[in-house]
Amino acid sequence: MRHGRSRGAHGKHSAGPGVSAKRPASTLIEEVRRRKRKRHLLMGALVAVAVIAIAVAVGVYAYFINTDAELDLAPSNAPEALVEAQEGQPRYILCSADLGISASAPVSYDTPAHASAYMLVRVDEGARSVIFATIPANILVMFDDGEYHPLSHALDVGGEAELVRRVAALADVGVNHYVSTIAAGIEAMVGLVGGVEMELASGIDDPYAGTQVLSAGEVRLDGARALLLLRAMNIPGGFPTVAANRVDFTCALLGKAISGSGLDLAAAVSDASRYISTDLTASELMGMADALRPLDGATIWRCVVPGYEMSTDDGAAYNPSTTQWKAMMEHIRAGEDPNTPDQAVLDVDAAQTTVDVRNGTLTSGAATQMADILRSAGFDVTAVGNTDDSTIYSETLVVYMAPEHAGAAKAIVDALGCGRVVNGGDFYHSDADVISIVGTDWTPAA
């Protein structure tokens, strides 16, 4: 009996070894559709990524455009006096703040000398160091008319550009950037960072600065209390304490503002742009902040232009010690502690130093006034009178009679805030250790 072949095993519809079975047309169509869907999804994803990238780029571009527009100094003329910073070199930034006047202050207190605060800041991003030099608003500086005027008067003479020029001349450096703000801006920025914590060496109780009182020690400042601190002038230690408080507050505020990174830092710069005006761009501010963060890990020095306050017909004025300030600026330019003392001056015993004061000008009483200042500084003034050579001295000279008194002569220049140290040699004669000759450049003290 013959057996038929099974079509399922050996018929023409079976596939031999290594041969794929023929798939139905419906299956092929579905495969094509599936591949098309994958390609569409891939293209959609690529398009979405491209759109997002473009949106981010546009957003970043818009952020910098908008933030830079907020920061822009216009209509200030300060950029006219700024000097372009050199690549890789420290930057010098002049910071100006109009602190306003407390409602409790008398009308006579409403002057630029009390309402304005100035700081020249040296920023070295590579070395991660910052030097704050506080400049009194009523410091006497020479203007183009050849006369001495308070620095704050520069705004009336030639706007913020003139202010930049006067500070550049005072410090003998090129000012690269300018930053300004007002009392309301400071108050708002303190609120943005959630308040500022500080350690006060002495309490603040100045009714002209505000009605509140701050105790010594740890304090938390809101905007109003921050303005009280910055305005306070009648405090123990005088202007050096005022300067220290202002720098410490600035560091505390900046430290909190730049503590974040990435988007947080960008947001901080954007927020601050509403309250400050500067030629610095948002990109430059972020780069600087990133280089110095965390601020408490950077090297920070502070100083104040050395000198003393005196009374003039126009009110109180600050007379700088030009010699000491020049030495301080040498340290600042070198990126060193500006308060590094001159050992020769430190070794001087003022009480054991005798001084002969002579008037080399036509201003009556100038020698007496100089003698009073030197006595208050502890020096032993043994003689007061006029020069005997009928010469009008154009500059104040501090002449030492022997080499061992050179340090004493420098100390006297520091005390006077003016003068050039001279070796007496055989040209000057006195029984005193030092002769101090009043010159016409000391006229502001009159």
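A pocket is an open set of points on a 1 Å grid over the protein atoms alone, where a 1.4 Å probe fits, with protein on both sides within 12 Å along at least five of seven lines. Lining residues have an atom within 4 Å of a point. Grid points are joined across faces, edges and corners, and a volume is the space filled by probe spheres set on the points.

This is a predicted model, in which local features need pLDDT of at least 70 and side-chain atom pairs count only at pLDDT 80 or more, while totals for chains, interfaces and linings use all residues. Residues are numbered from 1 along each chain as its sequence is written, and side-chain values use heavy atoms, with hydrogens and water left out.

**View 1. The largest pocket.** The space in the largest pocket is about 1,100 Å³. Its lining has 47 residues. Met189, Thr250, Leu253, Leu254 and Ile276 lie nearest the centre. Helix H7 (239–257) gives the most to the lining, with eight residues. Other elements that each supply at least two residues include strand E6 (177–182), helix H5 (183–192), helix H8 (263–272) and helix H9 (282–292). Helices (H or I, at least four residues) and strands (E, at least two) are DSSP runs, numbered from the N terminus. By class, the lining has 36 nonpolar residues (Ala, Val, Leu, Ile, Met, Phe, Trp, Tyr, Cys and Pro), four charged (Asp, Glu, Lys and Arg) and seven polar (the others, Gly among them).

**View 2. Thr134 in strand E3.** Thr134 is found in strand E3. Thr134 is buried, with a relative accessible area of 1%. Buried means under 20% relative accessible area, exposed over 50%, and partly exposed in between (1.4 Å probe, protein chains only). Not counting residues up to four places away in sequence, Thr134 touches Tyr118, Met119, Phe239, Ala243, Val247, Cys303, Val304 and Val305. Contact means heavy atoms within 4.5 Å.

View 3. H10 runs over residues 322–333. At 1.5 Å a residue, its twelve residues should span 16 Å, and the end C-alpha atoms are 16 Å apart, which agrees. The expected span is 1.5 Å times one less than the number of residues. Trp325, Met328, Met329, His331 and Ile332 are the buried residues of H10. Seen down the helix axis, they fall within an arc of 155 degrees, so they line one face of H10. The arc is that of the directions from the helix axis to the C-beta atoms. Their cover includes strand E1 (91–98), strand E2 (116–124), strand E3 (129–135), helix H4 (154–171) and strand E10 (299–304). Just after H10, Gly335 takes a positive phi of about 70 degrees.

**View 4. The loop between H2 and E1.** Pro75 sits in the loop between helix H2 (25–71) and E1. A cis peptide bond joins Ala74 and Pro75, with omega about 10 degrees. Asn77 is found in that loop too. At 23% relative accessibility, Asn77 is partly exposed. Asn77 and Gly158 are 81 residues apart in sequence, but 8.7 Å apart in space, C-alpha to C-alpha. Leaving aside neighbours within four places in sequence, Asn77 contacts Gly158, Gly159, Glu160 and Ala161.

**View 5. Backbone exceptions in other loops.** Most residues other than glycine have a negative phi, and most peptide bonds are trans. Arg128, in the loop between E2 and E3, has a positive phi of about 55 degrees. Ser390 has a positive phi near 60 degrees. Arg128 is partly exposed at 24% relative accessible area, whereas Ser390 is exposed at 74%. The peptide bond from Arg293 to Pro294 is cis, with omega near -5 degrees.
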